[in-house]
Amino acid sequence: MEKTHTKSALKFMKASSQSALSWSSTSRGMTKDELKDRLFGKSKASQKSPPRENTKPQDFKLHTQERAIKRAMFNYEVATKLFVIEQQKKQAERLQKMIEEEEVRLLRKEMIPRAQLMPFFDRPFFPQRSSRPLTVPREPSFHMRSGKCGGCNISCNGLYTFQGSHGGLNAIK
């Protein structure tokens with residue numbers, strides 16, 4: 001019996017809350033028809049929605065494929081460039097090697113000892129006298145220019161001097 005009593009109390013609470021809701025919403029300017037639509041719309045929303053048709057996924061294209069293609073093209077270009085540079089280096093090395101081999105061959109050819117040519121006896125060599133004047137010899141000057149410093153027999157230029165009266169060499173301080 002208690003169960004029926006609680007059920008009726010719950011129904012009463014629902015009805016009173018609905019009436020309070022309708023009263024508060026009418027006070028906001030809604031009509032009773034709008035309220036019914038609103039209340040019944042909620043109950044319809046709670047009902048099971050009609051089954052929909054299965055949707056088909058749209059085809060989509062990821063940018064990863066485009067980037068992979070661009071990266072592969074870039075890698076190919078870099079590899080081609082490196083290959084061309086390597087081929088140019090090899091060609092330059094081959095050319096340099098050929099030039100060096102040719103130089104070595106010419107040097108070896110020049111290094112072969114050969115006899116000197118025979119002089120022409122029908123035209124003997126007579127040296128010609130130069131028209132330049134002869135060099136006039138001069139006496140070297142070995143004497144010291146600077147005089148004696150402060151009454152001593154030592155020169156001031158920082159060299160050893162020969163003192164004739166003492167018969168020896170003196171160092172300059």
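**Figure 1. Confidence along the predicted protein chain, from strand E1 to helix H3.** In this predicted model, confidence is lowest in strand E1 (residues 161-163), with a mean of 51, and highest in H3, with a mean of 96. The score is pLDDT, the predictor's confidence in each residue, from 0 to 100. Over the protein chain the mean pLDDT is 75, and 59% of the residues reach 70 or more. Residues are numbered from 1 along each chain as its sequence is written, and side-chain values use heavy atoms, without hydrogens and water. Because the model is predicted, local features need pLDDT of at least 70 and side-chain atom pairs count only at pLDDT 80 or more, while totals for chains, interfaces and linings use all residues.

**Figure 2. Secondary structure and surface of the protein chain.** Three helices and two strands are assigned, in the order α-α-α-β-β from the N terminus. Helices (H or I, at least four residues) and strands (E, at least two) are DSSP runs, numbered from the N terminus. Of the 173 residues, 3% are buried; buried means under 20% relative accessible area, exposed over 50%, and partly exposed in between (1.4 Å probe, protein chains only). The accessible surface comes to about 18,500 Å², and carbon and sulfur atoms hold 59% of that area. Accessible areas come from the Shrake-Rupley method with a 1.4 Å probe, and for residues only the protein chains shown count as cover. Among contacts (heavy atoms within 4.5 Å) with a separation of 6 or more, 0% join residues 24 or more positions apart.

**Figure 3. The salt bridge between Glu-86 and Lys-90.** A salt bridge is a side-chain nitrogen of Lys or Arg within 4 Å of a carboxyl oxygen of Asp or Glu. The whole structure has two. In this one, the closest N and O atoms are 3.6 Å apart. Glu-86 and Lys-90 are separated by about one helical turn because they lie four residues apart in helix H3 (residues 63-110). Glu-86 is partly exposed at 40% relative accessible area, and Lys-90 is partly exposed at 38%.

**Figure 4. The salt bridge between Glu-102 and Arg-105.** The N to O distance here is 2.3 Å. Both residues belong to helix H3, where three positions, about one turn, separate Glu-102 from Arg-105. Glu-102 has a relative accessible area of 36% and Arg-105 one of 45%.

**Figure 5. A nonpolar surface patch that includes Ile-85.** Phe-74, Val-78, Leu-82 and Ile-85 make this patch of about 330 Å². Patches are made of residues with over 30% relative accessible area and no salt bridge, with like charges joined within 9 Å and nonpolar side chains (Val, Leu, Ile, Met, Phe, Trp, Tyr) within 5 Å. Ile-85 is placed in helix H3 and is partly exposed, at 34% relative accessible area.
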